[in-house]
Each structure stands twice: as structure tokens, then as C-alpha cells.
Amino acid sequence: MNTYLRENSISQHLTLLKEAKAAVNIPVIASINCVSPNEWTTFAKEFEEAGADAIELNVFYLPANRNTQPGEIEQMYLTILEKIKEEVKIPVAIKIGMYFTNIVAMTDKLKASGANAVVLFNRFYEPDINLKTLEIVASEVFSSPADLRRSLRWVGLVSSSVPHLEIAASTGIHNGDAVIKELLAGAQVTQLCSTIYQNGPGVISQILKDLKSFMQKWNFKNIDEFRGRLSYKNIPDPMLYERSQFMKYFSGNH
Ligand SMILES: Cc1cc2nc3c(=O)[nH]c(=O)nc-3n(C[C@H](O)[C@H](O)[C@H](O)COP(=O)(O)O)c2cc1C
């Protein structure tokens, strides 16, 4: 039964991919959700053959076992990526969560294992507790504009520290200002999810309008003229990215 469901959903995904390729003249990136190196890697080739311009691997392992070492978990991500890279010639991006001890080191290892790009970051389903019924329930599914801060620092740091690795910024990007900030921090592209669910795809036109008026105001002719202008390595005081405690804020010295 499970095999049938899996084959059926893969065939639906392949059909969607082929239809999307036929319908649009922009690149189509196929997404694969991976939880272990043994599953899913074989499907990458099928997505490539169906016309995907690139593959995005959504990898997440929930570390709930106290005997699993952090290095083993990191290696699992690298192994999945290496296996997929053996299967396909198209570019492969890997989408990760923000829970790594050293995100810069991890993205550097992903680059060394063949990643063409990283997506910073995925947002996962998280539990909450309903105190009226004493049950575990889903917490808020959608991000808010304030969640931008979760991705912005790491886009600024990784874009400065890991050469030749493109970054797709994701999490908390709800409007044109957020897109502009991620580009200034060094993102190659930005991704939208929650705002499209909440406001519909029309939000993209508004974002593009806002991006255009920002560029006109500052006289930028193309995005490369300002991409990364405020990244970690390009600002006079990189400490602004490193600052993580509120001490100064409470001493009134901010
Ligand atoms: C309802 C919902 C479903 C999602 N499903 C997937 C998925 O299947 N694969 C994936 O890689 N990310 C999935 N995501 C994560 C989003 O692609 C995105 O990375 C995350 O929501 C952060 O972006 P945002 O702040 O624009 O929502 C999902 C997010 C939401 C809210």
C-alpha cells in the first residue's frame, strides 16, 4: 500500500512538473523532501528527465535521540546531497533549517559536497499545547514579517564567508522591503511562501513594484549593483552582524 501511495504521488509530481514546464517560461525547480539518505535520492533523476531546471532538497532530521552525535547528523545531510549529485547534472540547492551549531561551517561543508546553492531557511511544523483541552496541537503555521530577522543575519554572514555558493533567502519575506533587505545582505534570490498563502500570488507584483521604486530612488540599474552591499564583509563594522546580546540595549547605549 505504501509503495503504491509513493509511486502514485511521484507520478503526480512528475505530471505537475511537466505541465509547469510547458506552461511557463521561467525556470522550474523540483523540490524533494528527504529524511534519510536511503529514500528519495533515486527520484532526482526522474525529475531531471521530466525537465526540472534544478532540484531543491528539503532535508530535515529531528534530533530527538540523545545518543546521536551532532557530527553524524551533519554527515547525513552531506551524504544525501552527495548521492543526489551523483544522479543528476542540473544544479542542486539544499534547503536547511536554522538549527546548526555553526551555520557558516555547515554551509561551507554543503558547498564542498556539491551544493550549488543553499536555501536559508526552511520553516518547520512545530507543536503547541492547547491548555483548554490539554492536547498537543499545531502552532502557527505561517511566518510573520518579524521572522525576517531569522534569515537576514545568516544571509549576511554566509554570503560573505562561503565563496561561490548562491543563497536563496527564505523565512519572513512578506513584502518588497524584506526582499530588498535580503538582497542587500547578499542573497541571490528570495523565496515567498506564507504571504502567498495569505494574500495570493498578486503580492509578487506589488513586491516587484516596490523593488523597482527602491532601485529608481537609489539609481541602481540592476540588482548586482546593490546585492551584498550590506553583507557582513562589506560593512565597516562587522560586529553589527555578530552582536547577539541585549546588554547595550538595557544600558541605554544603543
Ligand atoms: C503550509 C506550508 C507548507 C510547506 N510545505 C513545504 C514543503 O513541502 N517543502 C518545503 O521545502 N518547504 C515547505 N514549507 C516551508 C516554506 O517553503 C518556506 O521555506 C517557509 O514557510 C519560510 O518561508 P515564509 O516565511 O515565506 O513562509 C511549507 C510552509 C508552509 C507554511
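Predicted model: local features only at pLDDT ≥ 70, side-chain atom pairs only at ≥ 80, totals over all residues.
Trainee: How many helices and strands does the secondary structure of the protein come to?
Mentor: The C-alpha trace spans about 60 × 45 × 45 Å along its principal axes. The secondary structure within it comes to 10 helices and eight strands.

Trainee: What percentage of the contacts with a separation of 6 or more comes from residues 24 or more positions apart?
Mentor: Of the 254 residues of the protein, 26% count as buried. Among contacts with a separation of 6 or more, the share from residues 24 or more positions apart is 70%.

Trainee: Which are the edge strands of the open sheet?
Mentor: The open sheet has six strands in the order β1-β2-β3-β4-β7-β8, and the pairing is parallel. At one place in this sheet β1 pairs with β2 (residues 54-59) over six bridges, and S31 has E56 of β2 as its bridge partner. An edge strand pairs on one side only, and that description applies to β1 (29-34) and β8.

Trainee: Which residue of β4 stands opposite A93?
Mentor: Strand β3 (residues 92-96) runs parallel to β4, and four bridges join the two. Strand β4 (residues 117-120) is covered on both faces, with A117 and V119 buried on one side and V118 and L120 buried on the other. The residue of β4 that stands opposite A93 is A117.

Trainee: Which residue does the cis peptide bond join to L120?
Mentor: Most peptide bonds are trans. The bond in question has an omega of about 5 degrees, and one of its two residues lies in the loop between β4 and β5. The residue joined to L120 by this cis peptide bond is F121.

Trainee: Is L134 buried or exposed?
Mentor: Strands β5 (residues 127-130) and β6 (residues 135-138) run antiparallel and are joined by four bridges, with N130 opposite E135. They form a hairpin with four residues between them, and L134 in the turn has a positive phi of about 50 degrees, although L134 is not a glycine. Since L134 has 7 C-beta neighbours inside 10 Å, it counts as exposed.

Trainee: Is T171 buried or exposed?
Mentor: T171 lies in the loop between β7 and α6, and its phi is near 115 degrees, a positive value in a residue other than glycine. There are 25 other C-beta atoms within 10 Å of T171, and the cut-off is 20 or more, so T171 is buried.

Trainee: What covers the buried residues of α6?
Mentor: In helix α6 (residues 176-185) the buried residues are A178, V179, K181, E182, L183 and A185. Just after this helix, G186 takes a positive phi of about 120 degrees. The cover over the buried residues of α6 includes α5, β7 (166-169), β8 (189-190) and α8 (203-218).

Trainee: How far apart in space are Q206 and G176, C-alpha to C-alpha?
Mentor: Q206 is found in helix α8 and is partly exposed, with 13 other C-beta atoms within 10 Å. Q206 and G176 are 30 residues apart in sequence. In space, their C-alpha to C-alpha distance is 7.3 Å.

Trainee: Which residues come nearest to the ligand?
Mentor: The shell around the ligand divides into five nonpolar, nine polar and three charged residues. Of these 17 residues, the ones that come nearest are N58, R123, S143, C193 and S194.

Notes. Residues numbered from 1 in each chain as written. Near = placed C-beta within 6 Å. Nonpolar A, V, L, I, M, F, W, Y, C, P; charged D, E, K, R; others polar. Pairing = 2+ DSSP bridges. Buried ≥ 20, exposed ≤ 12 C-beta atoms within 10 Å, placed from the backbone. Contact = placed C-beta atoms within 7 Å.
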